[in-house]
Amino acid sequence: MFSFMQKMRSFQRNFSVSSSFPLLPLQLPSPMETHVWFVLPDEFKSVSLLNQYMELLSPCEKENVLSMRGDQLQKRALLARTLVRTPIARYQINNHVVDPRSLKFKKNIHGKPELVWESDDGQCPSPLHFNISHTSSLIACGVTVNSPIGIDVEEKQRKIKNNILAFARRYFSLYEVEHLSAISDSEVQRQEFVKLWILKEAYVKALGRGFSAAPFKTFTIHEKDATNSGASEVVVESSDHPVSLTNNWQFGLFELASSHYAAVCMEKDKTSDVAMRVPMRLTVRKTIPFVEDICISGTDAV
């Protein structure tokens, strides 16, 4: 029996990809809005569709996908690159969409991928920022305009092999360890640990400096008291930098596909007054590129 990638290579010999793909244009995210796109790898079974995705990738990306060991790892790597290329290509910048195959990417000095935008004057910084995260069963990509972003996802039922508090003492701040220690219900404690972990991951990814430049123990994630509007706020406080540095970030914590927790961190709108800033909004879409998009929600971040 042919493996997943063997089937794709066999199909490629008899398949000519169209010069243009049916991608519908999208409006850019508004200020302080995050668009979250996600796919469920188990739903992708069509070899012809996966082959179309492969044709979107650069030669280097194709090589990286095919170098993965095992069909499932190759499939997830392919879907991750497709999930970056197809939504970004649909956003209307200068009143037109672009061919997803023409998109170019680079990495910053810490290794975070960034979009290289082509203009009439050559390459320029892209107004679009993105970040991607995945588990074995879900891949998510967050997109913002003019705001650095980090996203992290994890299965809600993720089991922690180590003792949770011992693990937390190794990586979390004292405040966070005390917060977890105060939770007597072991299942609630596990859920809270997972949420804290992905919030911290999202913050580090939004900073774009890598884990070594922002170790988990050097900052604290906690929930701020509810405001007059009744909304609570997730905030970050750093032990190594002035508080003003970490006031630039806003968080969203929510569920995806009823099976995963997701956390988003994005830089606040610098044009807004601190006291009157625009709260983060989330627009979440489940997608099968070239087939359908399903808008899950369009609400304020939880």
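Visitor: How many helices and strands does the chain have?
Guide: The chain has eight helices and 13 strands. Helices (H or I, at least four residues) and strands (E, at least two) are DSSP runs, numbered from the N terminus. This is a predicted model, in which local features need pLDDT of at least 70, side-chain atom pairs count only at pLDDT 80 or more, and totals for chains, interfaces and linings use all residues. Residues are numbered from 1 along each chain as its sequence is written, and side-chain values use heavy atoms, with hydrogens and water left out.

Visitor: What share of the residues counts as buried?
Guide: Of the 302 residues, 46% count as buried. Buried means under 20% relative accessible area, exposed over 50%, and partly exposed in between (1.4 Å probe, protein chains only).

Visitor: And what share of the contacts joins residues 24 or more positions apart?
Guide: Such pairs account for 61% of the contacts in the chain with a separation of 6 or more. Contact means heavy atoms within 4.5 Å.

Visitor: Let us turn to the helices. At what angle do H5 and H7 pack?
Guide: Helix H5 (residues 164-171) and helix H7 (residues 186-207) pack at about 20 degrees, with their axes 11 Å apart. That makes H5 roughly parallel to H7. Axes are lines fitted to C-alpha atoms, for helices over the stretch in contact, and angles run from 0 to 180 degrees between N-to-C directions. Angles under 35 degrees count as roughly parallel, over 145 as roughly antiparallel, 65 to 115 as roughly perpendicular and the rest as oblique.

Visitor: Which residues meet there?
Guide: From H5, Ile164, Leu165, Phe167, Ala168 and Tyr171 meet Gln189, Arg190, Phe193 and Trp197 of H7. By class, this contact has seven nonpolar, one polar and one charged residues. Here Ala, Val, Leu, Ile, Met, Phe, Trp, Tyr, Cys and Pro count as nonpolar, Asp, Glu, Lys and Arg as charged, and the others, Gly among them, as polar.

Visitor: How are H6 and H7 oriented, parallel or antiparallel?
Guide: H6 and H7 are roughly antiparallel to each other. Their packing angle is about 155 degrees, and their axes are 10 Å apart. Glu176, His179, Leu180 and Ser181 of H6 make the contact with Gln189, Glu192, Phe193, Leu196 and Lys200 of H7. This contact of H6 with H7 has three nonpolar, three polar and three charged residues.

Visitor: Where is Tyr175, and what does it touch?
Guide: Tyr175 belongs to helix H6 (residues 174-181), and Tyr175 is partly exposed at 44% relative accessible area. Apart from neighbours within four places in sequence, Tyr175 is in contact with Thr220 and His222. Tyr175 and Thr220 are 45 residues apart in sequence and 7.0 Å apart in space, C-alpha to C-alpha.

Visitor: Is Thr34 buried or exposed?
Guide: Thr34 counts as buried, at 0% relative accessibility. Thr34 is located in strand E1 (residues 33-39). Beyond neighbours within four places in sequence, the contacts of Thr34 include Gly142, Ile149, Val264, Met266 and Leu282.

Visitor: What about Phe290?
Guide: Phe290 has a positive phi of about 75 degrees, although it is not a glycine. Phe290 sits in the loop between strand E12 (281-288) and strand E13 (292-300), and Phe290 counts as buried at 18% relative accessibility.
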